[in-house]
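Q: Before we look at anything, could you help me learn how to read the packing of helices and the surroundings of a ligand?

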Amino acid sequence: MRRPLIVANWKMAMTLAETRSFVQQFLALDQGRSAHLDLIICPPYTALAELAHLSRNTPIQVGAQDISAHTDPAHTGQISAALAADVGAQWVLIGHWEIRRERGDTPSTMRVKLHRALEAGLRPILLLGEAERTDPVPTTLRHLVSAVLQDCTPEEVNTMGFIYEPAWAIGQAQSAPTEHIHTGVQALREAITQHFGQQTAESIRIIYGGSVTPDQADNLLTLPSLDGLGMGRKGRDPAALAALVQHILSHRTARP
Ligand code: PGA
């Protein structure tokens, strides 16, 4: 059994005061349960250092939402992997649809960012999925895996987390249908098998993201291929995140 994974992406929200209040409320509700899985919260850059500080000696792990593809300082307004690591990020999201759309990141930009993350000691969480509901899921995921992960070793891939997140499922009232998620997760694991072998494909965690709520978690977690869930909007609500931890632990037995 793979260790379950939860990723909360706070996007462009949460002041420092809201971050402090979130951590206090979440820890009180969670009662240490999240120590049985990997719980990663990705705040905006402005709250990274504060969340890293507040999360010390707690089960909360901290991730950045993006990093620059560059390493030299002549990029006003950007944050390098080294700077994100310096304020306490341990993980980084690579390839969120909002960033791909708004900044024009291509799979080859994602590949560069992935290597920047690894060089700085950040563990990448790769977001992969199709843009349109009508796109062929297995082909799209095969192409993405080969474009983004082409220079990686199986050892590097083993350090990463994966989120299957179709663009059309973000910001909706309902998550994607379970059969669709199953197809995506299977296709992603098959693509990883083709490139990196069965052992790597069986050890990586693949979770689903896109309009996840605790109410839908039980239904989604009936999929045995799924190692956890990711939440955007709901991930800013301490009660919803604590409830998600409980749902996941009741469906998955954690490995120490
Ligand atoms: P959502 O966001 O849960 O609010 O749909 C998911 C995401 O963008 O990662």
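A: A helix here is a DSSP run of H or I with at least four residues, a strand is a run of E with at least two, and both are numbered from the N terminus. Axes are lines fitted to C-alpha atoms, for helices over the stretch in contact, and angles run from 0 to 180 degrees between N-to-C directions. This is a predicted model, in which local features need pLDDT of at least 70 and side-chain atom pairs count only at pLDDT 80 or more, while totals for chains, interfaces and linings use all residues. Residues are numbered from 1 along each chain as its sequence is written, and side-chain values use heavy atoms, with hydrogens and water left out.

Q: At what angle do helix 1 and helix 2 pack?
A: Helix 1 (residues 16–30) packs against helix 2 (residues 45–54) at about 25°, and their axes are 10 Å apart. Angles under 35 degrees count as roughly parallel, over 145 as roughly antiparallel, 65 to 115 as roughly perpendicular and the rest as oblique, so helix 1 is roughly parallel to helix 2.

Q: Which residues make the contact of helix 1 with helix 2?
A: Contact means heavy atoms within 4.5 Å. Helix 1 contributes Leu16, Thr19, Arg20 and Val23, and helix 2 contributes Thr46, Ala47, Glu50, Leu51 and Leu54.

Q: How do helix 5 and helix 6 pack?
A: Helix 5 (residues 107–119) and helix 6 (residues 137–149) have axes 7 Å apart, at an angle of about 45°, and they are therefore oblique to each other. Where they meet, Pro107, Met110, Arg111 and Leu114 belong to helix 5, whereas Leu144, Ala147, Val148 and Leu149 belong to helix 6.

Q: Where do helix 1 and helix 11 touch?
A: The axes of helix 1 and helix 11 (residues 238–251) come within 9 Å and cross at roughly 35°. Among the residues in this contact are Phe22 and Phe26 of helix 1 and Leu241 and Val245 of helix 11.

Q: Which residues surround the ligand?
A: A residue is near a molecule or strand if one of its heavy atoms lies within 4 Å of it. Those around the ligand include Asn9, Lys11, His96, Glu165, Ser211 and Gly232.
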